[in-house]
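This report describes one protein chain. It starts with the terms, then goes from the whole chain to single residues.

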Amino acid sequence: MDYKNDIKYRKETLKKLLFNIQKSEDLIVKALYDDFKKPEFEAVLTETNYVISELKTTIKNINTWTKPQRVFPSLLNFPSTDYIYKEPYGDVLVIAPWNYPFQLALCPLISAVAAGNRVVLKPSELTPHTSAIIAKIIEKSFHINHVEVVQGGVEISEKLLAKRWDYIFFTGSVTVGKIVAKAAAEHLTPVTLELGGKNPCVIDETANLRLAAKRIIWGKFINAGQTCIAPDYILVQKNMKINFITYLIEEIILAYGKKIQDSPDYARIINAKNWVRLTDMISPEKVFFGGESDAADLYIAPTLVDEPELNSKIMSEEIFGPVLPILSYDSEEDIDRIISKYEKPLAFYIFSENDSFSQKMISRYSFGGGCINDTVIHFSNKRLPFGGVGYSGIGAYHGKLSFDIFSHHKSIVKKANWLDLPMRYAPYKDKLKNIRKLLDWI
Ligand code: NAD
């Protein structure tokens with residue numbers, strides 16, 4: 001078992017993992033349903049299928065990605081050939097959240113293994129069915145000294161963080177992200193922190209309102225709003241608000257029917273604590289659609305909230321649930337006043353047919369990533385880096401970038417011996433003049 005140096009071994013274990021995931025797909029989908037009634041369609045699209053696709057891409061490309069990459073040499077070093085070697089960091093800790101408990105645990109794990117690391121994964125304690133099946137699959141696919149799943153809650157996480165790691169990959173809240181960063185600082189361990197934030201969704205007067213409503217309802221209420229890149233609040237141009245709200249309501253009913261609690265396509269809130277947190281955010285007098293909830297079923301209806309105060313609970317923290325505040329604006333100053341109140345978000349959405357407005361929004365605000373005229377889908381392109389900025393995270397991953405972040409990039413210049421230019425050696429005398437000329441020229 002030489003996972004550090006034997007690329008064939010890494011590839012074989014990843015193939016085994018692929019086989020075991022494909023074989024257990026139904027059980028994974030069932031576990032996700034048992035944890036919080038994640039609809040089958042969403043479980044396949046955003047969890048199992050996503051991971052299978054990531055695995056296939058990694059297996060296909062691992063040989064190319066691991067090869068030393070030749071780069072153009074500097075003329076100052078002539079004659080040389082220059083390379084970047086990808087070296088595994090060593091021991092990697094992956095800590096995962098509950099909202100996409102399979103995908104967000106497995107994707108970093110796959111890349112960390114591909115890059116030649118030993119991995120310890122701590123999945124979320126809030127999705128016990130999914131975490132148990134993850135543990136089983138990993139046990140079947142890897143030697144325990146190569147990849148290990150450690151199940152448990154905060155205490156176990158704290159114990160793991162107290163150890164020395166060569167890389168930590170954390171997905172979760174900003175509060176815990178700071179705890180992870182502090183623990184990592186103790187040993188100068190590099191980290192990726194995939195965190196959250198309040199994601200704005202701006203709709204100007206040129207937007208295709210009907211389509212905007214459809215795409216926002218999908219992106220907001222998939223996984224019952226428990227998505228780190230779900231739109232957190234809407235900023236709609238004042239004159240468009242009434243029409244837009246009508247479309248939003250129509251789209252909710254088209255997607256989930258009139259008896260939403262009976263819809264097989266609508267997930268539940270993860271636990272009682274989050275159910276209470278979310279229902280506490282809803283002021284009934286501000287609700288113009290939804291608002292119904294059922295503690296026994298951990299259900300909260302898709303809820304639209306009209307113009308909440310900026311200092312209200314719902315506008316003070318990341319919502320992370322099926323509640324959508326609608327705020328209207330008159331001018332760009334209004335937009336600026338609201339967006340600038342918050343830390344840099346993980347995602348930002350603009351619905352507009354006016355390209356200069358969209359470009360202005362993109363350059364004015366700092367955020368992880370986003371879409372023009374859609375929501376959430378930037379996540380699905382493996383060629384786009386996915387990650388936050390400021391409070392929404394440090395670093396980014398997906399596709400080849402995931403392999404790269406789990407590798408130390410070692411620079412090597414291989415100098416040829418057939419020529420040894422004398423310019424750099426002492427005594428320097430008047431060599432500086434010639435060096436300056438050369439530097440000007442290259
Ligand atoms: P969380 O931070 O509460 O928990 C995440 C993980 O950290 C869990 O495994 C948990 O056991 C562990 N943990 C919790 N408290 C800890 C502590 N005090 N010390 C050490 N470890 C601890 O997050 P969550 O509730 O599971 O997920 C929701 C949050 O995650 C939201 O803020 C959401 O935006 C964010 N998120 C971000 C992304 C992303 O890709 N950027 C994806 C999903 C979720």
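## Terms and model

Helices (H or I, at least four residues) and strands (E, at least two) are DSSP runs, numbered from the N terminus. The model is predicted: local features need pLDDT of at least 70, side-chain atom pairs count only at pLDDT 80 or more, and totals for chains, interfaces and linings use all residues. Residues are numbered from 1 along each chain as its sequence is written, and side-chain values use heavy atoms, with hydrogens and water left out.

## The whole chain

The protein chain has 14 helices and 18 strands. Its C-alpha trace spans about 85 × 55 × 35 Å along the principal axes. Of the 442 residues, 50% are buried (buried means under 20% relative accessible area, exposed over 50%, partly exposed in between, with a 1.4 Å probe and protein chains only). The chain exposes about 20,900 Å², of which carbon and sulfur atoms supply 55% (accessible areas come from the Shrake-Rupley method with a 1.4 Å probe; for residues, only the protein chains shown count as cover).

A contact means heavy atoms within 4.5 Å. Among contacts with a separation of 6 or more, residues 24 or more positions apart account for 71%. UniProt, in an unreviewed entry, lists residues 6-411 as "domain: Aldehyde dehydrogenase". UniProt positions are given in the numbering used here, feature names are shortened, and annotations may be inferred rather than shown by experiment. Over residues 6-411 the chain is 41% helix and 19% strand, and the end C-alpha atoms are 21 Å apart.

Where does UniProt place the feature "active site"? The unreviewed entry puts it at E194, a residue in strand β7 (residues 191-194). E194 is buried, with a relative accessible area of 3%.

S392 is in the loop between β16 (369-372) and β17 (393-394). S392 counts as buried because its relative accessibility is 0%. Beyond four places in sequence, its contacts are L193, E194, L195, G196, K344, P345 and L346. The side chain of S392 also reaches the backbone oxygen of V389 at 2.9 Å. The C-alpha atoms of S392 and A272, which are 120 residues apart along the chain, are separated by 25 Å.

## Helix α4

How many of the 12 residues of α4 are buried? The count is 12 of the 12, so α4 is largely enclosed by the rest of the structure. The buried residues include Q103, C107, P108 and S111.

Helix α4 covers residues 103-114. At 1.5 Å a residue it should span 16 Å, and its end C-alpha atoms are 16 Å apart, which agrees (the expected span is 1.5 Å times one less than the number of residues). Just after α4, G116 takes a positive phi of about 95°.

## Salt bridges

Side chains of opposite charge can pair when their charged atoms come close. A salt bridge is a side-chain nitrogen of Lys or Arg within 4 Å of a carboxyl oxygen of Asp or Glu. The whole structure holds 21 salt bridges. One of them joins K38 and E47 at 2.7 Å, N to O, and both K38 and E47 are buried. Another joins E125 and K122 at 3.4 Å, N to O. E125 is partly exposed at 37% relative accessibility, whereas K122 is buried at 3%.

E250 forms a salt bridge with R210, the closest N and O atoms being 2.5 Å apart. E250 lies in helix α9 (residues 241-256) and R210 in helix α8 (residues 209-221), so the pair ties together parts that are 40 residues apart in sequence. E250 is partly exposed at 33%, and R210 is partly exposed at 34%. Elsewhere, salt bridges that share partners join K37, R268 and D297 into one network.

## D297

D297 is found in the loop between β11 (293-294) and β12 (299-300). Is D297 buried or exposed? D297 is buried, with a relative accessible area of 18%. Not counting residues up to four places away in sequence, D297 touches K37, Q261 and R268.

The side chains of D297 and K37 make a polar contact at 3.2 Å. A polar contact is a pair of N or O atoms within 3.5 Å; within protein, one must be able to donate a hydrogen and the other to accept it, and residues adjacent in sequence count only if both atoms are side-chain atoms.
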